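Please consult the sequence and the coordinates shown below.

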Amino acid sequence: MELSPRLREEWESHRPAVFGAAYRLLGSVAEAEDVVQDVWLRAAAASDDLARVADLRAWLITVAARTSYNVLRSARVRREDYVGPWLPEPLLTGPDAAGQVLVDESVGTAMMVVMRELAPPERVAFVLHDVFGLPFERISEVLGKSVPATRKLASRARGRVAAAREREPEAARGERERVVAAFRAASQAGDLARLVAVLDPDVVYVADGGGRTTAARVPVRGRDRLASMLAWIEGRRPAERIEPIEVGGQPALVTYRDGVPVWVDTFEIRDGRIVTIWRVVNPDKLRHLSHL
């Protein structure tokens, strides 16, 4: 297949945006990579026609969004039947990332959980307009809705996102790293007192096992209860090692047993303490971390 010089030159610079749109919509690294491959094949097939496209980035993101939207609709029943809490697949960023990734708060665990609660059309409208700056005229074509209806979808999504942001600002990068390091040290030592010290009294722990492995199927709330549970987990079968990584642009931890990643923790931190721990235990969501 003969590729146009423009597509060959510009694809790699636009690929992070294509992946970023798909990941934000689907919450899955594997599914987002499949979308990227599909977009590439479609672009290659239309290589000659793309020479006349004024905004290649917008065209590629639009194709990624349309493909992702189809995936969202076809997977509705599967997602509704998901066992226990759902969390996004950990998106490696920083030095551990396999490729360039567009990072902002919309790929953080907290925002991805909020977007999961939006209806698929709302999610598409919000991501394409508020994150990637596409015009509503183009987004309406993806959704098969009028421009006014598309504006309303984005506005509704924006309101729900804003409501989730109304709490006190999260910690700065340096404080996050300090608190995560303290949590790591306490976990490795199985030190209950040190775990309690780093947790907010009203901390919430959410685990995603997807029915594939043992994990709490409802959130665990409260510092003392959670610290005891985490110490019990570590005492029952100590981790081989716990390593710092970056997920969604923020400090995170990956825990290993027998050389294999068994869970990833991401955190919400305020006032020097952890207020939320999101733990991905589902092995299907950790496969892309096997190289770490």
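The paragraphs below treat the ring pairs and then the charges placed over rings.

The model is predicted: local features need pLDDT of at least 70, side-chain atom pairs count only at pLDDT 80 or more, and totals for chains, interfaces and linings use all residues. Residues are numbered from 1 along each chain as its sequence is written, and side-chain values use heavy atoms, with hydrogens and water left out.

The structure contains three aromatic pairs. Rings of Phe, Tyr and Trp (its six-membered ring) pair if their centres lie within 6.5 Å; planes under 30 degrees apart count as stacked, over 60 as edge-to-face and the rest as tilted. One of the pairs joins Trp-11 and Trp-40 in a tilted arrangement, 5.1 Å centre to centre with 50° between the planes. This pair links distant parts of the chain, 29 residues apart: Trp-11 belongs to helix α1 (residues 5-26) and Trp-40 to helix α2 (residues 29-45). Helices (H or I, at least four residues) and strands (E, at least two) are DSSP runs, numbered from the N terminus. Trp-11 is buried, at 7% relative accessible area, whereas Trp-40 is partly exposed at 23%. Buried means under 20% relative accessible area, exposed over 50%, and partly exposed in between (1.4 Å probe, protein chains only).

Phe-183 and Phe-267 form an edge-to-face pair, with 5.2 Å between centres and 65° between planes. Phe-183 lies in helix α10 (residues 173-189) and Phe-267 in strand β5 (residues 260-270), so the pair ties together parts 84 residues apart in sequence. Phe-183 is buried at 2% relative accessibility, and Phe-267 is buried at 6%.

Charges also sit over rings, a term requiring NZ of Lys or CZ of Arg within 6 Å of the ring centre and within 35 degrees of the ring normal. Arg-73 lies over the face of Tyr-69, 4.3 Å from the ring centre, and Arg-241 over that of Tyr-256, at 3.8 Å.
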